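Please examine the sequence and the structure before reading the solutions.

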Amino acid sequence: MIEVIILVSALSIDSFLASFAYSSEGIRIPFRCACLIAGIGVGFLGISLYCADIVNNFLSPMLCRRISCIIFLLMGFHALFEGAIKRFLRHRRNKAMTLSFHNIRLVFDIYLDETKADVDKSKYLSVKEAVYLAIALSLDGLVSGFAFGIQITQPVYVLVVSFSVGLISLIVGFAIGERIGKKNKLDCSWLSGLLFLFLAGTRFLS
């Protein structure tokens with residue numbers, strides 16, 4: 001139970017920060033789009049849990065724990081230094097980095113700056129724009145879900161909790177962004193790193 005809460009909390013922090021950024025910039029996120037974003041995140045997580053369940057049939061429990069530990073460890077360090085990584089990628093993106101496919105380039109741009117999903121600058125997130133934002137926010141779930149799914153037996157429970165927490169994080173992030181305003185920047189992505197490292201530790205000690 002506690003590990004499920006830790007996982008979905010770590011995955012929901014990016015959604016919270018994205019919603020906060022949108023609110024601070026005066027970009028509206030309709031409730032149906034918030035539900036869509038949370039739903040796509042659950043879809044990505046479900047795919048990774050399903051793949052992990054297949055892997056469980058071929059690897060020993062000890063090897064599964066070690067793989068899970070390594071994945072969470074890498075994700076933890078990535079989240080801890082995500083701010084610096086994004087600054088470096090923005091610098092490279094502005095100078096020389098190009099991507100051939102428009103959709104891939106857009107998702108990459110949204111990863112670097114969530115508000116880029118508002119492509120038409122309408123200050124209102126459409127369903128299509130919400131899909132792009134959801135994909136950018138769901139990449140961590142695709143990886144961490146695989147790591148977590150290697151050792152769980154109730155994936156449906158994880159998905160239900162993930163959808164609920166993800167939707168709540170979007171709503172709360174938007175509400176706080178409205179109160180704090182544009183002048184304040186919020187960056188707590190490092191908290192995800194600590195949570196992923198905790199999960200890595202539980203795998204290492206088990």
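**Exercise 1.** Identify the buried residues of α8 and check the length of this helix.

*Solution.* The buried residues of α8 are S189, S192, G193, L195, F196, L199, A200, T202 and R203. Buried means under 20% relative accessible area (1.4 Å probe, protein chains only). Helices are DSSP runs (H or I, at least four residues), numbered from the N terminus. Helix α8 covers residues 189-205, and its 17 residues should span 24 Å at 1.5 Å a residue; the expected span is 1.5 Å times one less than the number of residues. The end C-alpha atoms are 25 Å apart, which agrees.

The model is predicted: local features need pLDDT of at least 70, side-chain atom pairs count only at pLDDT 80 or more, and totals for chains, interfaces and linings use all residues. Residues are numbered from 1 along each chain as its sequence is written, and side-chain values use heavy atoms, without hydrogens and water.

**Exercise 2.** Describe the largest nonpolar core.

*Solution.* A nonpolar core is a set of buried Ala, Val, Leu, Ile, Met, Phe, Trp, Tyr and Cys residues joined through side-chain atoms within 4.5 Å. Among the 25 residues of the largest core, L7, F72, F148, V158, F196 and L199 touch the most other members. At least two core residues come from each of α1, α2, α3, α6, α7 and α8, and α1 gives the largest share, 9 residues.

**Exercise 3.** Which residues does F148 touch, leaving aside those up to four places away in sequence?

*Solution.* With contact defined as heavy atoms within 4.5 Å, F148 touches E3, V4, L7, S68, F72, V158 and R203.

Key. Buried < 20%, exposed > 50% of the residue type's maximum accessible area, 1.4 Å probe, protein only.
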